Amino acid sequence: MKKVLILYWGKGGNVERAAKKVYEMFSPGQADIFDVVSFDVSKITDYDLIILGGSTVGAELWADVKDDNEWNRFFREVENVDLSGKYVAFFGLGDQVLYPDHYVDALGVFKDEMVKAGVKHIGEWPTEGYRFTDSDGAEGDRFFGLALDEDRQPELTDERVKKWTDILKKEVGL
Ligand SMILES: Cc1cc2nc3c(=O)[nH]c(=O)nc-3n(C[C@H](O)[C@H](O)[C@H](O)COP(=O)(O)O)c2cc1C
(Lines give C-alpha, C1' and ligand atoms only; values in the text may rest on other atoms or scores of the structure.)
Protein backbone atom coordinates (compact mmCIF):
# COMPACT_ATOMS: atom_id res chain seq x y z
CA MET A 1 0.00 0.00 0.00
CA LYS A 2 1.19 3.48 -0.83
CA LYS A 3 1.93 5.49 2.28
CA VAL A 4 1.43 9.18 3.00
CA LEU A 5 3.50 11.31 5.37
CA ILE A 6 2.25 14.61 6.72
CA LEU A 7 4.85 16.81 8.39
CA TYR A 8 4.02 20.16 9.90
CA TRP A 9 5.35 22.98 12.03
CA GLY A 10 4.41 24.80 14.31
CA LYS A 11 2.40 23.26 16.98
CA GLY A 12 -0.79 24.20 18.79
CA GLY A 13 -2.22 26.60 16.23
CA ASN A 14 -3.69 26.90 12.78
CA VAL A 15 -1.00 24.81 11.09
CA GLU A 16 -1.48 21.86 13.40
CA ARG A 17 -5.26 22.03 13.04
CA ALA A 18 -4.96 22.15 9.24
CA ALA A 19 -2.46 19.28 9.24
CA LYS A 20 -4.93 17.13 11.16
CA LYS A 21 -7.64 17.96 8.65
CA VAL A 22 -5.35 16.85 5.82
CA TYR A 23 -4.53 13.67 7.73
CA GLU A 24 -8.22 12.84 8.24
CA MET A 25 -8.79 12.83 4.49
CA PHE A 26 -6.78 9.61 4.12
CA SER A 27 -7.92 6.12 5.07
CA PRO A 28 -6.90 4.77 8.46
CA GLY A 29 -3.43 3.25 8.26
CA GLN A 30 -2.58 4.99 5.01
CA ALA A 31 -1.14 8.19 6.44
CA ASP A 32 1.17 9.16 9.31
CA ILE A 33 1.40 12.61 10.82
CA PHE A 34 4.28 14.15 12.78
CA ASP A 35 5.48 17.57 13.73
CA VAL A 36 8.77 18.06 11.93
CA VAL A 37 10.84 18.12 15.13
CA SER A 38 9.59 14.71 16.31
CA PHE A 39 10.07 13.04 12.94
CA ASP A 40 13.07 10.79 12.30
CA VAL A 41 14.21 11.84 8.80
CA SER A 42 15.76 8.43 8.12
CA LYS A 43 12.17 7.07 7.89
CA ILE A 44 11.15 9.40 5.08
CA THR A 45 11.87 6.89 2.34
CA ASP A 46 9.08 4.65 3.74
CA TYR A 47 6.59 7.05 2.17
CA ASP A 48 5.33 7.59 -1.38
CA LEU A 49 3.64 10.96 -0.87
CA ILE A 50 5.26 13.52 1.43
CA ILE A 51 3.11 16.51 2.44
CA LEU A 52 4.74 19.45 4.23
CA GLY A 53 2.70 22.17 5.92
CA GLY A 54 3.65 25.37 7.68
CA SER A 55 2.83 29.02 8.16
CA THR A 56 4.54 32.17 7.01
CA VAL A 57 5.60 34.24 9.98
CA GLY A 58 7.51 37.17 8.62
CA ALA A 59 9.36 37.30 5.31
CA GLU A 60 12.69 37.84 7.03
CA LEU A 61 12.50 34.87 9.34
CA TRP A 62 13.02 32.17 6.74
CA ALA A 63 16.01 33.75 5.11
CA ASP A 64 17.83 35.23 8.07
CA VAL A 65 17.25 33.06 11.09
CA LYS A 66 18.35 29.79 9.56
CA ASP A 67 19.44 28.11 12.76
CA ASP A 68 16.28 29.05 14.56
CA ASN A 69 13.88 27.58 12.06
CA GLU A 70 12.86 23.96 12.51
CA TRP A 71 12.20 23.55 8.79
CA ASN A 72 15.71 24.55 7.88
CA ARG A 73 17.09 21.81 10.08
CA PHE A 74 14.83 19.34 8.26
CA PHE A 75 15.84 20.66 4.81
CA ARG A 76 19.54 20.20 5.62
CA GLU A 77 18.94 16.63 6.85
CA VAL A 78 16.83 15.68 3.86
CA GLU A 79 19.51 16.86 1.43
CA ASN A 80 21.34 13.61 2.11
CA VAL A 81 18.37 11.39 1.32
CA ASP A 82 17.45 10.08 -2.13
CA LEU A 83 13.87 11.21 -2.71
CA SER A 84 13.74 10.48 -6.41
CA GLY A 85 10.34 9.17 -7.49
CA LYS A 86 8.60 10.51 -4.37
CA TYR A 87 5.53 12.70 -4.67
CA VAL A 88 5.85 15.94 -2.72
CA ALA A 89 3.09 18.46 -1.93
CA PHE A 90 2.78 21.50 0.33
CA PHE A 91 0.18 23.46 2.21
CA GLY A 92 0.70 26.87 3.72
CA LEU A 93 -1.12 29.04 6.24
CA GLY A 94 -1.10 32.81 5.98
CA ASP A 95 -3.11 35.99 6.36
CA GLN A 96 -3.86 37.66 3.04
CA VAL A 97 -5.26 40.87 4.58
CA LEU A 98 -2.48 41.70 7.05
CA TYR A 99 0.33 40.44 4.78
CA PRO A 100 -0.92 40.98 1.21
CA ASP A 101 2.63 41.36 -0.18
CA HIS A 102 3.89 38.17 1.45
CA TYR A 103 0.87 35.92 1.49
CA VAL A 104 1.98 32.30 2.10
CA ASP A 105 5.56 33.08 1.07
CA ALA A 106 6.66 29.89 2.81
CA LEU A 107 5.20 27.82 -0.03
CA GLY A 108 8.02 29.24 -2.14
CA VAL A 109 10.59 28.14 0.43
CA PHE A 110 9.14 24.63 0.47
CA LYS A 111 9.32 24.47 -3.30
CA ASP A 112 12.88 25.81 -3.51
CA GLU A 113 14.14 23.45 -0.84
CA MET A 114 12.27 20.29 -1.79
CA VAL A 115 11.72 20.31 -5.51
CA LYS A 116 15.00 18.90 -6.65
CA ALA A 117 15.90 16.40 -9.29
CA GLY A 118 13.66 13.40 -9.38
CA VAL A 119 10.95 14.56 -6.96
CA LYS A 120 7.43 14.78 -8.36
CA HIS A 121 5.97 18.05 -7.15
CA ILE A 122 2.16 17.90 -7.14
CA GLY A 123 -0.71 19.82 -5.56
CA GLU A 124 -0.39 23.26 -7.09
CA TRP A 125 -3.47 25.32 -6.40
CA PRO A 126 -5.23 28.22 -8.21
CA THR A 127 -4.87 31.76 -6.82
CA GLU A 128 -8.48 32.50 -7.75
CA GLY A 129 -10.60 33.31 -4.71
CA TYR A 130 -7.76 34.92 -2.74
CA ARG A 131 -6.97 38.64 -2.45
CA PHE A 132 -3.31 39.46 -2.18
CA THR A 133 -0.82 41.55 -4.10
CA ASP A 134 2.34 39.46 -4.02
CA SER A 135 3.59 36.08 -2.85
CA ASP A 136 6.80 34.11 -3.12
CA GLY A 137 4.48 31.11 -2.84
CA ALA A 138 2.89 31.61 -6.24
CA GLU A 139 3.81 31.93 -9.88
CA GLY A 140 1.29 33.30 -12.37
CA ASP A 141 -2.11 32.11 -11.26
CA ARG A 142 -0.89 29.07 -9.29
CA PHE A 143 0.27 28.66 -5.71
CA PHE A 144 3.00 26.05 -5.25
CA GLY A 145 0.67 24.24 -2.86
CA LEU A 146 -2.61 24.62 -1.03
CA ALA A 147 -2.99 28.11 0.46
CA LEU A 148 -5.14 28.34 3.58
CA ASP A 149 -6.21 31.41 5.50
CA GLU A 150 -7.66 30.68 8.91
CA ASP A 151 -7.63 34.39 9.74
CA ARG A 152 -9.74 35.62 6.81
CA GLN A 153 -11.39 32.64 5.14
CA PRO A 154 -11.73 29.92 7.80
CA GLU A 155 -15.09 28.87 6.34
CA LEU A 156 -13.33 27.75 3.14
CA THR A 157 -10.69 25.55 4.75
CA ASP A 158 -12.60 22.27 4.96
CA GLU A 159 -13.72 22.45 1.35
CA ARG A 160 -10.24 23.43 0.14
CA VAL A 161 -8.59 20.60 2.06
CA LYS A 162 -11.09 18.08 0.67
CA LYS A 163 -10.66 19.21 -2.94
CA TRP A 164 -6.89 19.40 -2.66
CA THR A 165 -6.45 15.99 -1.10
CA ASP A 166 -8.78 14.50 -3.74
CA ILE A 167 -6.41 15.90 -6.39
CA LEU A 168 -3.39 14.42 -4.58
CA LYS A 169 -5.03 11.00 -4.24
CA LYS A 170 -5.85 10.93 -7.93
CA GLU A 171 -2.32 11.90 -8.95
CA VAL A 172 -0.65 9.38 -6.69
CA GLY A 173 -3.20 6.63 -7.31
CA LEU A 174 -4.40 6.20 -3.73
C1 LIG B 1 4.61 37.73 13.44
C2 LIG B 1 3.74 37.20 12.34
C3 LIG B 1 4.14 37.36 11.05
C4 LIG B 1 3.34 36.89 9.99
N5 LIG B 1 3.76 37.05 8.70
C6 LIG B 1 2.99 36.57 7.69
C7 LIG B 1 3.41 36.72 6.34
O8 LIG B 1 4.47 37.29 6.03
N9 LIG B 1 2.61 36.21 5.36
C10 LIG B 1 1.42 35.57 5.63
O11 LIG B 1 0.75 35.13 4.70
N12 LIG B 1 1.00 35.42 6.92
C13 LIG B 1 1.75 35.90 7.93
N14 LIG B 1 1.33 35.73 9.24
C15 LIG B 1 0.03 35.06 9.50
C16 LIG B 1 0.20 33.60 9.91
O17 LIG B 1 0.89 32.86 8.94
C18 LIG B 1 -1.19 32.97 10.10
O19 LIG B 1 -1.89 33.64 11.13
C20 LIG B 1 -1.15 31.47 10.40
O21 LIG B 1 -2.46 30.95 10.35
C22 LIG B 1 -0.51 31.19 11.76
O23 LIG B 1 -0.43 29.80 11.97
P24 LIG B 1 -0.19 29.20 13.45
O25 LIG B 1 -1.46 29.49 14.25
O26 LIG B 1 0.00 27.73 13.27
O27 LIG B 1 1.01 29.89 13.99
C28 LIG B 1 2.12 36.22 10.28
C29 LIG B 1 1.72 36.06 11.62
C30 LIG B 1 2.51 36.54 12.64
C31 LIG B 1 2.05 36.34 14.06
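A residue is called buried here if 20 or more other C-beta atoms lie within 10 Å of its own, exposed if 12 or fewer, and partly exposed in between, with the C-beta atoms placed from the backbone. What you're looking at is a predicted model, so local features need pLDDT of at least 70 and side-chain atom pairs count only at pLDDT 80 or more, while totals for chains, interfaces and linings use all residues. Residues are numbered from 1 along each chain as its sequence is written. Helices (H or I, at least four residues) and strands (E, at least two) are DSSP runs, numbered from the N terminus.

**View 1. Strand β1, covered along its whole run.** Six of the six residues of β1 are buried, so the strand is mostly covered. Val4, Ile6 and Tyr8 point one way, Leu5, Leu7 and Trp9 the other way, and all are buried. β1 pairs with β2 in the parallel sense over five bridges; two strands pair if DSSP finds at least two bridges between them. In that pairing, valine 4 sits opposite alanine 31 of β2. Going from β1 through α1 to β2, the chain makes a right-handed β-α-β crossover. Right-handed means that, with the strands pointing away from the viewer, the path from the first strand over the helix to the second runs clockwise. β1 also pairs with β3, again in the parallel sense, over six bridges, and there leucine 7 faces leucine 52.

**View 2. The buried side of helix α1.** Which residues of α1 (residues 14–24) are buried? Val15, Ala18, Ala19 and Val22 are. These residues are on the same side of α1, because they cover an arc of only 105 degrees around the axis. That arc is taken over the directions from the helix axis to the C-beta atoms. As background, an α-helix has 3.6 residues a turn, so residues three or four places apart point the same way. What covers the buried residues of α1? The list includes β1 (4–9), β2 (31–35), β3 (49–55), β4 (87–93), β9 (146–148) and α5 (157–172). Contact here means that the C-beta atoms of two residues, placed from the backbone, lie within 7 Å.

**View 3. Glycine 10, between strand and helix.** Glycine 10 is in the loop between β1 and α1. Is glycine 10 buried or partly exposed? With 17 other C-beta atoms within 10 Å, glycine 10 is partly exposed. Glutamate 70 is 60 residues away along the chain, yet its C-alpha atom and that of glycine 10 are separated by 8.7 Å.

**View 4. The shell around the ligand.** There are 19 residues around the ligand, and Gly13, Asn14, Val15, Gly94 and Tyr99 come nearest. To be near a molecule, a residue needs its C-beta atom, placed from the backbone, within 6 Å of it. Sorted by class, the shell has seven nonpolar, eight polar and four charged residues. For that tally, Ala, Val, Leu, Ile, Met, Phe, Trp, Tyr, Cys and Pro count as nonpolar, Asp, Glu, Lys and Arg as charged, and the others, Gly among them, as polar.

**View 5. Strand β4 and its partners.** Seven of the seven residues of β4 are buried, so the strand is largely enclosed by the rest of the structure. Tyr87, Ala89, Phe91 and Leu93 point one way, with Val88, Phe90 and Gly92 going the other way. β4 pairs with β3 in the parallel sense over seven bridges, with glycine 54 opposite glycine 92. Two bridges join β4 to β5 (residues 120–121), also parallel, and valine 88 sits across from histidine 121 there. β4, helix α4 (residues 106–114) and β5 form a right-handed β-α-β unit. β4 and β9 are parallel too, over three bridges, and phenylalanine 91 has leucine 146 as its bridge partner in β9.

**View 6. A three-stranded open sheet and arginine 142.** The strand order is β6-β8-β7, and the pairing is antiparallel. β6 (125–126) and β7 (138–139) are the edge strands, each pairing on one side only. Two bridges link β6 to β8 (residues 142–143), and tryptophan 125 has phenylalanine 143 as its bridge partner in β8. Arginine 142 is in β8 and counts as partly exposed, with 13 C-beta neighbours inside 10 Å. Leaving out residues up to four places away in sequence, arginine 142 touches Glu124, Trp125, Pro126 and Thr127. The C-alpha atoms of arginine 142 and proline 126 are separated by 4.6 Å, though the two residues are 16 apart along the chain.
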